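Please look over the sequence and the model shown here before reading on. The paragraphs that follow lead through the structure step by step.

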Amino acid sequence: MDLRNSITTLGNSLILSSNTNPTLTSDASVPSEPPSGLSSSSSPSFPSSSAPPILRYVFGTPYPPTSPDLPPLESSIRCYTYRSWESPLLPYPYTTDAGWGCMVRCTQMMISRVLQQSSSSSSSSSPSSPAPAAAGLVEGSGVAGLDLSTPFMHGGTYGLKRLLLIGARHDKYPGEWYGPSTACRVLRDVLEGVCGVKVEDSGVVYESEVLDLACGPEEVREARDDEDPLINCGGEAEGREWKTPVLLLVPARLGVERMSGKGRKDLLEYFECRFSAGCLGGTPRHAIYFYGKEGCDLVGKDPHWVQQESGTRERYDATCRRESVRCGVDGVDPSLAFSFYCRDGEEWKDLKEWLRGWGGLHLEWARPDLGDWDGGGEGEGSYEDEEEEDWEFV
C-alpha cells in the first residue's frame, strides 16, 4: 500500500511539473463573490454599469455567474481522471495511464453525459419503450437511477480496459496518445445499443444518413429528370418516426498550429447550442472535456490527476467529483471534436436550424450521387482514349 501511495504521489508531481499550463485555472481559485466588506452599496464612488453580466453556458444553457443552480449542476458532471492499479495491462507493463490516457478519460466523460441524456429521454418516453441496453441502470444511484461509477471502473462496460480494446481496432494501443478523431470512433463503437452514433469528419453532415440511424434505412426513390443528381433529392425527412436518439460527432481542425479567427468564433458559438454534449479538446498534448464557456474562457473537466483505482462504487463515485477548470480560447489546440445529441425528430429540426446559422459545418440532404462514374479511367472522355502528343524538348 505504501508503495502504491508513493507511485501515485510521484505520478501527480510529475504531471504537475510537465503539464503546467498558465492558460488553465481552477474555478476554485476564482472568487464568485467580492471580498468581505465590499458590496455595491458600500462603493458609491463607482458608477453603475449598464453592461449585462457575462453568462456561463453549460451544455448550451446560459446561467448568471451567481446562479444557485450552477454549483450542483457542474458538480454532477463527472470527471474521470488518471488511475493507478496493481496488475499491469498485459502484455504491456503499464500500471497507470498517466501521461497517455487523458483523451480516453475525456471520452469516458462524454459517455457519462450521453448516458445521462439517454436515461432522461427513456424515462420521459412511454412505459412500453425499452430502456437503452447498455445504460447500466441501478436503483438510487444518481441521475434517474443511473450508475455512473461501476460501469466506468477498470474492468467495467465503459472502463479503461474495454476502451483500450476498442481503440486497438483503430490502431491505437496502450501507451499511445489518442486524438479527437480516434476518440470519436471509440465512442461510436462503445455506445452501440445506447443510441445511434454518426461520425462525420468531412465538414458536411448528410441528413439522410442521420435519419437512417434514427429511423432505420428507407428506400430512396429515383431522382426526377429535373432534379440535380449531384444533390440527390430522392428522400423525404417528414413523416419518418424516430426510434433511437442520435449522437453526432464532428472531428474538426480549426487552424493549423493555432486557432484561426473563424475557428475561435465557431468554437465560442458552439457552446451556446442547447444540443451540445460537450467538446473533446484541450491544449497541446493535454486533453480536457469542455462543456461550456464564460466569456472567452472555455469551462471543462481536467483528467490530469492520478488516483488509485477504488474497489467499491461509493469510493469510486467520490473520486469523480472535481472542480472545473477554465482555459482561454486562444490557448486551445485547434484539433478537437464537437458533439450534438438529439432525442427525437423535433429536436433534430431545431438542431438543423441552428446548424444552418453556424459556420462550423455544412448541412446537406445526401452525398452526391455520382452514379457509375469511376473517375474517368475508361470510356468516353478518358485520357487513355486521347492520342499521346509527341513532346519535343529544345
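**Around helix α7**

The buried residues of helix α7 are covered by parts that include β8 (279–283), β9 (286–294), β10 (297–301), β13 and α9. The model in view is a predicted one. In α7, the residues that count as buried are Gly263, Asp266, Leu267, Leu268 and Tyr270.

The chain has nine helices and 14 strands. Of its 394 residues, 46% count as buried. Contacts between residues at least 6 apart in sequence can also be considered: 71% of them join residues that are at least 24 apart.

**Aromatic rings**

How many aromatic pairs does the structure hold? There are 13 aromatic pairs. One of them is formed by Tyr80 and Phe152, whose rings are stacked, with 4.5 Å from centre to centre and 15 degrees between the planes. Tyr80 belongs to the loop between α2 (70–75) and β4 (83–84), while Phe152 belongs to the loop between α3 (102–124) and α4 (160–169); the pair therefore ties together parts that are 72 residues apart in sequence. Are these two residues buried or exposed? Tyr80 has a relative accessible area of 0% and is buried. Phe152, with a relative accessible area of 1%, is buried because a value under 20% counts as buried.

Another aromatic pair brings the reader back to helix α7. Tyr270 and Phe340 are arranged edge-to-face, with 5.4 Å between the ring centres and 85 degrees between the planes. This pair links distant parts of the chain: Tyr270 lies in helix α7 (residues 261–270) and Phe340 in strand β13 (residues 335–342), 70 residues apart. Both Tyr270 and Phe340 are buried. These two residues also belong to a cluster, in which ring pairs link Tyr270, Phe271, Phe338, Phe340, Trp354 and Trp358.

In the case of Lys293, the charged end sits over the ring of Tyr57, and the distance to the ring centre is 5.3 Å.

**Leu70 and its surroundings**

Leu70 has its place in helix α2. With a relative accessible area of 4%, Leu70 is buried, because buried means under 20%. Which residues is Leu70 in contact with, leaving aside its neighbours within four places in sequence? They are Arg56, Val58, Tyr63, Pro64 and Pro65. For Arg56, the separation from Leu70 is 14 residues in sequence and 8.8 Å in space, taken from C-alpha to C-alpha.

**The cavity**

The structure holds one cavity of 30 Å³ or more. About 30 Å³ of space lies in the largest cavity. Its lining is made up of Val210, Trp242, Val246, Leu248, Cys342, Trp348 and Leu351. Strand β7 (246–253) and helix α9 (345–356) each supply at least two residues of this lining. Which kinds of residue make up the lining: nonpolar, polar or charged? Seven are nonpolar, with no polar and no charged residues among them.

Methods: Residues numbered from 1 in each chain as written. Predicted model: local features only at pLDDT ≥ 70, side-chain atom pairs only at ≥ 80, totals over all residues. Heavy atoms only, no water. Phe/Tyr/Trp six-rings, centres within 6.5 Å; stacked < 30°, edge-to-face > 60°. Helix = DSSP H or I, 4+ residues; strand = E, 2+ residues; numbered from the N terminus. Buried < 20%, exposed > 50% of the residue type's maximum accessible area, 1.4 Å probe, protein only. Lys NZ or Arg CZ within 6 Å of the ring centre and 35° of its normal. Contact = heavy atoms within 4.5 Å. 1 Å grid on protein atoms, 1.4 Å probe; cavity = no way out; pocket = protein on both sides within 12 Å on 5 of 7 lines; lining within 4 Å. Points joined across faces, edges and corners; volume = space filled by probe spheres on them. Nonpolar A, V, L, I, M, F, W, Y, C, P; charged D, E, K, R; others polar.
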